[in-house]
Each structure stands twice: as structure tokens, then as C-alpha cells.
Amino acid sequence: PQVTGEKTVQLEEHVADIRAFIAAVVPRDQLPVLVGHSFGGMFAQKVAEAGEPLKGLALLCSVAPSGTSGTVGRYIFRKPGLAWAIVQAFVLKKAGTNPAVCRKVFFSDDTPGGEDLSRYMENFKKDSVVGLDLSSALKQFPGKTSVGLDGRADWLERAPPLFVLGAENDVVVDLPALEETATFYGVEAVVVPGPHEVMH
């Protein structure tokens, strides 16, 4: 937990932290390319929406502008086992303690155990100590705050070059969610083989 003992963090805190990091690290005569994966992609979208000058924005298996409810909703009736696995991983925070849940949600059922999986699980465990305040964040997702009349982001005229990539076997961000993100930002999505942790 943070020094104050808080168990949740606000979306705008993540955005402010990223913008402060850019200001502190990136030379003033240069612009950064911001890359966001999973929920990091949501934070990256909000940084760009806030007007941070960027050379480019890359969203990899990113949470869609409307959030994750669409994916979970699609699974409830068609793939209830996956819906339950996602609830276990994120809500019950079992991604850091249950190898089977970790494999199913972030990798694949046949992902071997060992050092790599243990390392990821340890990271998930640390990351789950302080969670995002979802009830507040849901109201601030780009699909709620910056949607234009055409259903796309209303700041595309000033947007940096955008790249949207997804993984064909991703169960956290499924292909309809990927297409939502690409459509919202007026680009074509690139799909590669692999699970949610496509960079592992």
C-alpha cells in the first residue's frame, strides 16, 4: 500500500504520474513515443487525450475506450469459464497466487511453469496491493469523456500517429474490444498470434 495506507489509486493519478515522468526525463526539444499495454494502454489514451505532446502512441492489447465490461459481457453466456477466470484474476486477485488462473488469463493453458511464470505472478501480486478505483475510472474512460458525433475520439485532429495492436488469443482484450479501440482512433488494428502477454 501507499504510505497513507490507501488501497486504491485514481485514474488521474496514473495520468499525472506519466506526464510528470515525461517532463522530468524527456529532453524539452524531443517528443516521446508513448507505449501502453493492457490497462497501461488506458492510461496512455488518457495522457494523449489530456493533450500531452507525443511523437506517437502505441496501444498494445489495450483496454478499449469503453473499458473491459464489453469483453466480460460477451463471455458470460458464450464462455462462462473465461468470465470466471477473469473475475478470479482481477477481482479476487488470484493472478499472483494461482498458476492455472494466471496461465488462462494472461498466457495460455499450456504455458510452462518455472521461473518465468513465477516472476510474472510475483509482479501481479505486487501490482494488486493497490488497485485502480474502477468505479471512478469507468466514468473517465475515453468512450465516456471524448467521443465525437461520429463515434470516434473528438481529439483526433491533434492526435499523434497511432498504432493499435492486439493478440488473436487474448482473453482479456478480445478481438471486438481491439476493433473498438482501432475504430475509436481511426486506424486499422494489427493482430498477431499469441495471448494477452504477447510481449513475454
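Let me begin with a term that I will need throughout: a residue is called buried when its relative accessible area is under 20%, exposed when it is over 50%, and partly exposed in between, with a 1.4 Å probe and only protein chains taken into account. What we are looking at is a predicted model, in which local features need a pLDDT of at least 70 and side-chain atom pairs count only at pLDDT 80 or more, while totals for chains, interfaces and linings use all residues. Residues are numbered from 1 along each chain as its sequence is written, and the side-chain values use heavy atoms, with hydrogens and water left out.

I would like to start with the salt bridges, where a side-chain nitrogen of Lys or Arg lies within 4 Å of a carboxyl oxygen of Asp or Glu. By this rule the model has 5 salt bridges, and I will go through some of them.

One of them joins the side chains of D174 and R74, with 2.8 Å from N to O. This pair links distant parts of the chain, since D174 sits in the loop between strand 5 (162-167) and helix 9 while R74 belongs to helix 3 (residues 69-78), 100 residues apart. Are the two partners buried or partly exposed? D174 has a relative accessible area of 6% and is therefore buried, whereas R74, at 27%, is partly exposed.

D116 and R119 meet at 3.3 Å, N to O, and because they are 3 residues apart in helix 6 (residues 115-127), about one helical turn separates them. E122 and K125 pair up as well, their closest N and O atoms being 3.9 Å apart, and they too are 3 residues apart in helix 6, so about one helical turn lies between them. Why does such a spacing bring side chains to one side? An α-helix has 3.6 residues a turn, so residues three or four places apart point the same way. As for accessibility, R119 is partly exposed at 44%, E122 at 36% and K125 at 38%.

Let me turn to helix 4, which spans residues 80-90 and includes W84. Its residues L82, A83, A85, I86, Q88 and A89 are buried, and the buried residues of this helix pack against helix 3 and helix 5 (99-106). W84, by contrast, has 48% relative accessibility and so counts as partly exposed.

My last stop is F184, in helix 9 (residues 175-184). With 5% relative accessibility, F184 counts as buried. Which residues does F184 touch, leaving aside those up to four places away in sequence? If contact means heavy atoms within 4.5 Å, then F184 touches P65, P142, G143, S146, V147, G151, R152, A153 and L156. Of these, V147 is 37 residues from F184 in sequence, yet the two are 8.1 Å apart in space, C-alpha to C-alpha.

Notes
Helices (H or I, at least four residues) and strands (E, at least two) are DSSP runs, numbered from the N terminus.
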